[in-house]
Amino acid sequence: MCIYSYVLSKLYRLKDTLNAAGHYAATGGVIAATAAIGSPYFILGAAGYVAYKSFNAHKGRKNYEEFAEDSLRVHPEKHKFSPNLGKMAKTLYEKSGLKKGKERIHGFRVDAERMIRNGQDTNPLVDSFKDMFNKEARLPNAQVMGLNTPLVMITEPLLDMLTCEEEEAVLAHEFVHAASMHLQKSIPQKFMQDVAVNANTITFGATVVTSTFSAGLGGLATYVVGGALAQAGIKATADSHDPHLKLKIGTARGALALGIVQLANPAFLPVCAATVGLSMGAGMLTKSFSRSNEYQADRGAIEYGANPLAMITALRKVNTALHKAAGIPEPKDQPFIQRELRNLFSTHPTLERRVAKLSDIARKAGFSDAEIDNAANGELQYDQHSTYSNKSPKAPKRRGRVFDQDGNIEKHLIVA
Ligand SMILES: [Zn+2]
């Protein structure tokens with residue numbers, strides 16, 4: 001490694017760390033605001049609860065990771081869809097400085113024979129893991145998991161649809177995630193988010209209870225009397241067979257009772273709105289942190305020697321295949337506002353954003369505008385060995401929950 005690239009990669013890590021610190025600080029600010037409108041005791045209570053939950057989740061995670069390490073198939077060095085897989089893995093393990101001696105790439109499919117040999121085939125705990133991995137193995141996917149020993153994983157359908165250069169880009173992206181310890185850095189962020197959300201829920205609940213109590217019988221009486229008045233009014237002025245009558249009376253009752261509670265405690269509505277806002281803010285910070293890690297992994301992959309144009313076409317292939325599999329339109333065909341809102345609440349940036357950043361990197365690296373345009377918009381090319389092609393799409397069937405309600409590709413993907 002020459003000194004120039006050494007400095008570059010060091011800078012990259014400093015930036016990475018500063019970014020994490022910025023997100024932690026902002027989420028800490030959300031917690032401080034939560035304490036200010038509620039009570040520091042709520043924060044302590046929430047922190048205790050989240051710590052307890054996290055401890056249990058950590059045990060589950062350990063089991064899950066051990067299962068993956070022991071029972072998932074390891075790809076051969078010369079894979080039928082990827083003849084250079086072994087060489088690529090070796091280079092990337094060296095560049096990233098990850099654990100040597102175990103230079104292998106895992107698949108997602110469970111190795112049944114190995115499970116029997118390990119005596120795991122009769123363990124009911126692993127049955128759910130087995131199903132989950134086998135389901136994911138049918139989709140184009142890559143990820144890195146493991147807190148102690150990073151496990152780099154790529155599915156066969158993805159190896160099948162990518163060219164060698166694209167495989168290198170996708171794997172390099174995963175190695176950057178591991179080397180930059182993105183998984184580990186996301187833990188304090190998620191912890192703080194959970195503390196903020198739980199403490200805000202307590203503040204919200206406490207405000208509702210105490211304000212309703214302080215409004216006392218007045219609120220209750222208004223609820224009953226107001227409801228009766230509303231009922232009479234609605235009956236007198238409208239068709240009594242109105243199918244929405246019950247709903248209207250309920251709404252009128254609620255509004256009147258809320259009005260009384262708000263009179264008794266003028267802070268009621270502002271506090272409720274603030275707690276909801278702060279919870280949402282904490283969630284959005286976590287998503288934003290994840291998205292910035294994705295950008296860094298894309299950038300870092302280029303530093304590891306990946307071709308930025310291959311990264312672009314790899315992302316496009318995965319995106320196309322997944323949307324085809326789910327039978328939903330690609331995000332570029334969705335309205336602008338919907339796309340932007342979706343981006344704000346996603347763990348991964350939209351394809352357009354990733355392609356735009358990678359295009360900038362490619363331009364700086366000396367690729368021509370025509371080459372970049374071809375990678376970003378041109379027809380996708382598939383290897384000769386590939387059984388997958390754009391013209392005769394053999395999109396994997398949709399299995400499991402890969403998309404959320406908005407058709408957004410969630411955490412499983414892309415190139416996680
Ligand atoms: Zn990623």
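This is a short tour of a predicted model, one selection at a time.

Residues are numbered from 1 along each chain as its sequence is written. Because the model is predicted, local features need pLDDT of at least 70 and side-chain atom pairs count only at pLDDT 80 or more, while totals for chains, interfaces and linings use all residues.

Start with the whole protein, coloured by secondary structure. There are 14 helices and four strands; these are DSSP runs numbered from the N terminus, with helices being H or I of at least four residues and strands E of at least two.

Next, select helix H3 (residues 85-96) and helix H7 (residues 164-179). Their axes come within 10 Å and cross at roughly 30°. Axes are lines fitted to C-alpha atoms, for helices over the stretch in contact, and angles run from 0 to 180 degrees between N-to-C directions. H3 is therefore roughly parallel to H7, a label for angles under 35 degrees.

Now show the residues where the two helices touch. H3 supplies Met88, Leu92 and Ser96, and H7 supplies residues including Leu171, Ala172 and Phe175. Two residues are in contact if their C-beta atoms, placed from the backbone, lie within 7 Å.

Stay on Ala172. Beyond its neighbours within four places in sequence, Ala172 contacts Leu92, Ala301, Tyr304 and Ala306.

Finally, select Ala172, Phe175, Ala301 and Met311. These have the most contacts inside the largest nonpolar core, which has 54 residues. Such a core is a set of buried Ala, Val, Leu, Ile, Met, Phe, Trp, Tyr and Cys residues joined through C-beta atoms within 7 Å; buried means that 20 or more other C-beta atoms lie within 10 Å of a residue's own. Helix H11 (residues 308-326) gives the most to this core, 10 residues.

Terms used. Parallel < 35°, antiparallel > 145°, perpendicular 65-115°, else oblique. Buried ≥ 20, exposed ≤ 12 C-beta atoms within 10 Å, placed from the backbone.
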